[in-house]
Amino acid sequence: MRKVLFLGLILILLSTINAFPLVLDNYKLTSVTPKGKIEGERTYEDKIIRIEFDDFTGKYPEFTLRNISNTPLTILWDLCAFVDSTGRSQRVLRSNVPFLDRGKPVPPTLVIPGAFISEIIVPLESIEYDGEWIVNNSIPKEERKTLTVVLTVEQGEKQTTYIFTFESVMASRGVLVEGGAFVWVTYRDNVSPSATSSGLGLRIARALP
């Protein structure tokens, strides 16, 4: 009888997990032009660059770009852009550029072979002055959102425009029942949870912190 009740509790719990609200897990790199190799969640590599985007948990994208070719390259910031979730394309600022100069040309960045830079992409429309300079959040923490980062790189007389497209990845809320106490946890929505018995509690496996 106890075994039947226990199995029934497992089935009820697993059948109601999807009823819990979705929350933003992060953004995932889904496509890049020109074609290259996408690794993990937000890393891209071709014969010229290797670029790793940080977690999209801040107000604007951050990345580390390494020149893996044998030729120096230059990032042409005035030919870079951020396309928000509504499709609006905006000019961008990099680090160490005063917000007061946001309407002026942005100096390019030289990256020699084997070297790397860590940079930011701040959309101009996210910057405002209200007694002090404020950078508003340009990364929606919602489902079904798409963001695009455009970087233009020059080597010699050839320019390459990279278009990085990101989509929001959602996660579901689950429940741990331990010793009669309910504890909220989060697991990725593309991971099928499993349940095992342990002492007095019921645990949903593979839960993320």
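Me: What makes a set of residues a nonpolar core?
Reply: A nonpolar core is a set of buried Ala, Val, Leu, Ile, Met, Phe, Trp, Tyr and Cys residues joined through side-chain atoms within 4.5 Å. This model is predicted. Its largest nonpolar core has 36 residues. Ile 49, Ile 51, Leu 65, Trp 77, Leu 151 and Phe 164 touch the most other members.

Me: Which strand gives the most to this core?
Reply: Strand β15 does, with four residues. Strands that supply at least two residues each include β1, β4 and β16.

Me: Why is the pair of Tyr 44 and Phe 164 called edge-to-face?
Reply: Their ring centres are 5.7 Å apart, and the cut-off for a pair is 6.5 Å. The planes stand at 80 degrees. Over 60 counts as edge-to-face, so the term applies.

Me: What makes this pair a tie between separate parts of the sequence?
Reply: Tyr 44 lies in strand β3 and Phe 164 in strand β16, so the pair ties together parts that are 120 residues apart in sequence. Both residues are buried.

Me: Why is the pair of Phe 56 and Phe 166 called tilted?
Reply: The centres lie 4.7 Å apart, with 40 degrees between the planes. Stacked needs under 30 degrees and edge-to-face over 60, so this pair is tilted. Phe 56 sits in the loop between β4 and β5, and Phe 166 in strand β16, 110 residues apart.

Me: How do you know that Phe 56 is buried?
Reply: Its relative accessible area is 1%. Buried means under 20%, so Phe 56 qualifies. Phe 166, at 0%, is buried too.

Key:
Residues are numbered from 1 along each chain as its sequence is written. This is a predicted model: local features need pLDDT of at least 70, side-chain atom pairs count only at pLDDT 80 or more; totals for chains, interfaces and linings use all residues. Side-chain values use heavy atoms; hydrogens and water are left out. Buried means under 20% relative accessible area, exposed over 50%, partly exposed in between (1.4 Å probe, protein chains only). Rings of Phe, Tyr and Trp (its six-membered ring) pair if their centres lie within 6.5 Å; planes under 30 degrees apart count as stacked, over 60 as edge-to-face and the rest as tilted.
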